[in-house]
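I opened my notebook beside this model and looked up a handful of things, one after another. Here are the entries, in the order I made them.

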Amino acid sequence: MPPKPQESIPVIGDRLREAPSASTADHRETAERQAQGERGYVNRVFESDEKSSALDLRPPQQLKADPDKGVKIIDFDDLLPHIGEFGLFQKILFLCMIPFAFFVAFVYFSQIFITLVPEEHWCLAPELKHLDLDTRLRLSVPKVNADDGGFAYSKCLMYDVNYTEIIESGITEPDPSWPVTSCRHGWEYNFTDIPYETVATQFDWVCENAALPTIAQSIFFLGAIAGGLIFGWIADRFGRIPALVGCNLMGFFAGVATAYVRSFWEFSLCRFLVGFAFDNCFTMMYILVLEYVGPKWRTFVANMSIAIFFTIGSCSLPWIAYYLADWKMFTIVTSAPLGLAILTPLIVPESARWLVSQGKIDKAIKILRKFEKINGTDVPPQIYNDFTESCAKIREEETDTESYSVLDLFRTPRLRKITIVLVLIWMAISLVFDGHVRNVGSLGLDIFFTFTVAAATEFPADTLLTLTLDRWGRRWLACGTMVFSGVFSLLATVVPIGVYSATLAILGRFAVNISYNIGLQYAAELLPTVVRAQGIAFIHIMGYVASIVAPFVVYLSNITVSLPLVVLGIVGILGGLLSLLLPETLNHELPQTLADGEEFGRGQRIWDFPCCSKKIDEADKQIEHFKRASNSSGRRKSVRGSTRGEIRSSLIQRSSVRSRIAAASP
């Protein structure tokens, strides 16, 4: 699904507050340790940066108070436990993700099945059409060396002779001395394995034109970059719902128009416009749901929405193509449902977080009261009053905010190294993932069955990740899965093509699925809060650059069948080893300032394993907390990009559609 230039997701709870006093800090540390002891480690990537704010279940009179104005600081995450962190309304929203998860699968993978080319195709000789296939091939197509050491009929050459005279002369065997030429009258195809005509066979995108589907796929990813920028701006300027509806309608119109193209450039234009919807058609909805779900439920929502809904959509896609057996009808059937997004405003509310960030607090509270009513909870009016006052105070503070840019990530040595390594790793993951997705046709088995099995690996991959990520840590798990993906890919090149090579390649796909999800979260945890959203967007744009290259890697199968897997294997191993250059983030507070980012992980050893190491001494934790509080004292820097960037980074995917997303564990 993955990742791309994303819109910002303003979250009113994301900010740095004044440094707490020692007594307040002690109280918060104690409360947090008690809460953490009850529910286990909670990854902070989806929580606001103030440690005690995200799951503060204290009654209103005990909530945080601003020492300057006496205002009780209540952010959005403070309200959720009162309204319901995963009540009936949130469950309804979770189910509303189903069609959008299907949409991103259709947008991402449909081009594979409309550009398939049968393995067997030969030059067409119109004069020999009345003869049986064996006679036609014997008289019109020369034989060439095959990959298995034998001989096969050429796909791109024909004898340059007068076939009418040959038939009249009664010749039944070709003369090896006959001159040959490229195909003059098009091609004929064996549709046994692929039982329908595709856009590639209709327009004869084979031989010297075989690269055209690959170019069109790269143009699709260019559209994804443009779409991320455009609809990201729309989401920030006009809201999440307009962006969600707009990108799906773009995919709907461009997808349906694809069925009526008459040339390669018309096809490429349509695919470019369909690319606008890639990822956005799902992740906008994904963001909305995550913003309304409590932190301890975000792991379930983030992972299982992909593991279940996206997997079902991906696995069903090849069989829709198989049974329709018409590429034009397939394009319409997989694009038309996106038009249903126009009904979204009737069911899905606008992001309350975005409304608050725009100063529309009354509209946000109206939505929250609707949640409250459906969930059957009762929130005291004072909670909403405190929430309104604290939002007003935060917006006032943000007017004095010091701005940062992605360039700040490259100003200091350690942070620069971390950023560059993250970019390289994400490019490797994106290339390997997309390469495996598109290489299923070169594994020697039925592409419809192989694609289904490979897509089904998403479910166990996401489930395994949920169970292990917050136990084994990010660094070594990312390294191990990427290396395993590379090893399996390389092993697939030394076994016979067929069941054995396909099995190993699918295991490589399974491993890179896990790596993809780890990479999404790892970057969100390593980058400092003040530039996290921009940094994540930059990293995932670079991932799209790698995705643009992926179709050309798969195209190498026209040279040697095993060459794409060799490239994917080497890139996977190198990307995995690069992960060891990053610091571990498990059980560590996320960096908030640029200074925090520069110092984060200093002193960690490469052989440190979170699951084997001792817990940090409580005194050391307090010292670290006071040091960070001291560093932040006197600053009024907005970090409203915090949860925004962290949540958004987990969506950029897979995928997009990816999307493929890892979230914090409860």
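**Entry 1: a surface leucine.** I began with leucine 346, which is exposed at a relative accessible area of 70%. My cut-offs: buried is under 20% relative accessible area, exposed is over 50%, and partly exposed lies in between, with a 1.4 Å probe and protein chains only. Leucine 346 sits in the loop between α12 (327-335) and α13 (352-357). Helices here are DSSP runs of H or I with at least four residues, strands are runs of E with at least two, and both are numbered from the N terminus.

Which residues form a nonpolar patch with leucine 346? I found Leu340, Ile342, Leu343 and Ile347 alongside Leu346, with about 540 Å² of accessible area together. Areas come from the Shrake-Rupley method with a 1.4 Å probe, and for residues only the protein chains shown count as cover. A patch takes residues with over 30% relative accessible area and no salt bridge, joining nonpolar side chains (Val, Leu, Ile, Met, Phe, Trp, Tyr) within 5 Å and like charges within 9 Å. The salt bridge excluded there is a side-chain nitrogen of Lys or Arg within 4 Å of a carboxyl oxygen of Asp or Glu.

**Entry 2: ground rules.** I noted that this is a predicted model, in which local features need pLDDT of at least 70, side-chain atom pairs count only at pLDDT 80 or more, and totals for chains, interfaces and linings use all residues. Residues are numbered from 1 along each chain as its sequence is written, and side-chain values use heavy atoms, with hydrogens and water left out.

**Entry 3: the whole chain.** I counted in 25 helices and 6 strands. Of the 666 residues, 58% are buried. The accessible surface of the chain is about 26000 Å², and carbon and sulfur atoms hold 62% of that.

**Entry 4: disulfides.** How many disulfides does a search of the whole structure find? I got 2, taking a disulfide as a pair of cysteine sulfur atoms within 2.5 Å.

One of them pairs cysteine 123 with cysteine 183, at 1.7 Å between the sulfur atoms. Its S-S torsion is about -65 degrees, so I wrote it down as left-handed. Cysteine 123 belongs to strand β1 (residues 121-123) and cysteine 183 to the loop between β5 (180-182) and β6 (187-189), so the bond ties together parts 60 residues apart in sequence. Cysteine 123 is buried at 1%, and cysteine 183 is buried too, at 11%.

Then I turned to cysteine 156 and cysteine 207, a disulfide with an S to S distance of 2.0 Å. This pair links distant parts of the chain, 51 residues apart: cysteine 156 is in the loop between β3 (151-153) and β4 (157-159), and cysteine 207 is in the loop between α6 (199-202) and α7 (212-238). The torsion about the S-S bond of cysteine 156 and cysteine 207 is about -95 degrees, so this disulfide is left-handed. Cysteine 156 is partly exposed at 28%, whereas cysteine 207 is buried at 15%.

With the bonded cysteines numbered in sequence order, I read the pairing as 1-3, 2-4.

Entry 5: Cysteine 247 is buried, with 0% relative accessibility.

**Entry 6: positive phi.** Most residues other than glycine have a negative phi, so I looked for exceptions. Cysteine 207 has a phi near 55 degrees, a positive value. Alanine 325, in the loop between α11 (298-324) and α12, has a positive phi near 50 degrees. That alanine 325 is partly exposed, at 34% relative accessibility.

**Entry 7: a contact across the sequence.** Alanine 336 lies in the loop between α12 and α13 and is partly exposed at 34%. From alanine 336 to phenylalanine 253 I noted 83 residues in sequence and 8.1 Å in space, C-alpha to C-alpha.
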